[in-house]
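Look over the chain below and keep the sequence at hand. The report starts at the surface and then moves inside.

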Amino acid sequence: MSSNKVKAHLSLLSTNIIYGANYLVAKGLMPGKIEASALVFLRISGAGILFLIIKYFIKDPVDKKDIPRLALCGLLGVATNQFFSMNGLSLTSPVDAAIIVTAMPIFTVIISYFLLKEPFTLQRVLGVILGGSGAVLLIYLGNSGLGTGSLLGNVFICINALSFAFYLVIVKPLMSKYKPVTVIAWTFCFGFIYIFPFCIEKLVSTDFTAFATFNWVSLFYVVIGPTFLAYFLNMYALQHVKPTVASSYIYVQPAVAMILVAVISYLIVDSQYKGDITIAKLLCCILIFGGVYLISSAPLRWFKK
């Protein structure tokens, strides 16, 4: 394996570890220290400013006819995605959130079938049924009262994954036409416009004087790590490996979240996360992983003609 490919795989591993840890770090801030909507405002505005600074040094003009699509990408890939992600996580378990998000490839396949007319093979149909069953069951388990899971929070996380799946399909033509930084800078600008009226009040009412050093470190991590740094690591990796390889690393996220929750539950006797990891949730995880494997892998010999 070449050094570039090794670096690409390390970048993908780092990206998904950052995402996986973010479920627990962001959960630690909400809602005790900061409301979810205020955190959404800081994530989008903070990362958006950094993307715009980089975009300033890159000349890549955008056609006027593509602005409506960029506006839609901003709505789905930034505003809706971030809003329901943070508000869902503030209500539910970091383990539930990390597992549900792995169903995103399943949503993408369904959306691609209707919007891009991509074929639906028997293998993909079975994958959607298998993974979808795991996702629906896990969402329902949020009503069980065990751990910090929440039915409403799980539904919000599902909406987050669904909106980002739409974004991945809609943004595809733009990514082949413009540089990635151009697309992401525009989408974050539109995303900021959308979330401003819904999140600014929560930000203004946040008492930042009550933040301890650890809270500031956590806030810095949430804004810079999964919102800015992880994107660039992912972008670097995609220059050297196929998108299917990159997407397979999404399985790292629930693993990291589960390990961190298990460690905290072991170290802290009265941890709020005790009960978040159950046999039923692990089975849901296996169902979703199995479904994603079927829809993203090459045709298996059982499904070949």
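A nonpolar patch lies on the surface, formed by Tyr113, Phe114, Leu115, Leu116, Phe120, Leu122, Val125, Leu126, Ile129, Leu162 and Phe166. Together these residues have about 950 Å² of accessible area. Helix α6 supplies the largest share, 4 residues. Ile129 is found in α6.

Some terms need their cut-offs. Patches are made of residues with over 30% relative accessible area and no salt bridge; like charges are joined within 9 Å, and nonpolar side chains (Val, Leu, Ile, Met, Phe, Trp, Tyr) within 5 Å. A salt bridge is a side-chain nitrogen of Lys or Arg within 4 Å of a carboxyl oxygen of Asp or Glu. Accessible areas come from the Shrake-Rupley method with a 1.4 Å probe, and for residues only the protein chains shown count as cover.

This is a predicted model, where local features need pLDDT of at least 70, side-chain atom pairs count only at pLDDT 80 or more, and totals for chains, interfaces and linings use all residues. Residues are numbered from 1 along each chain as its sequence is written, and side-chain values use heavy atoms, with hydrogens and water left out.

**The whole chain**

The chain has 13 helices and 0 strands. Helices (H or I, at least four residues) and strands (E, at least two) are DSSP runs, numbered from the N terminus. The accessible surface comes to about 15100 Å², and carbon and sulfur atoms hold 72% of that. Of the 305 residues, 50% are buried. Buried means under 20% relative accessible area, exposed over 50%, and partly exposed in between (1.4 Å probe, protein chains only).

Now take contacts, meaning heavy atoms within 4.5 Å. Among contacts between residues at least 6 apart in sequence, 87% join residues at least 24 apart.

Is Phe190 buried or exposed? Phe190 counts as buried because its relative accessibility is 17%. Val252 is buried too, at 18% relative accessibility. Phe190 lies in helix α9 (residues 180–204), and Val252 lies in helix α12 (residues 252–267).

| Pair | Apart along the chain | C-alpha separation |
|---|---|---|
| Phe190 and Ile67 | 123 residues | 9.9 Å |
| Val252 and Thr15 | 237 residues | 9.4 Å |

What does each one touch, not counting residues up to four places away in sequence? Phe190 touches Ile67, Leu70, Ala71 and Gly74. Val252 touches Leu13, Asn16 and Ile17.
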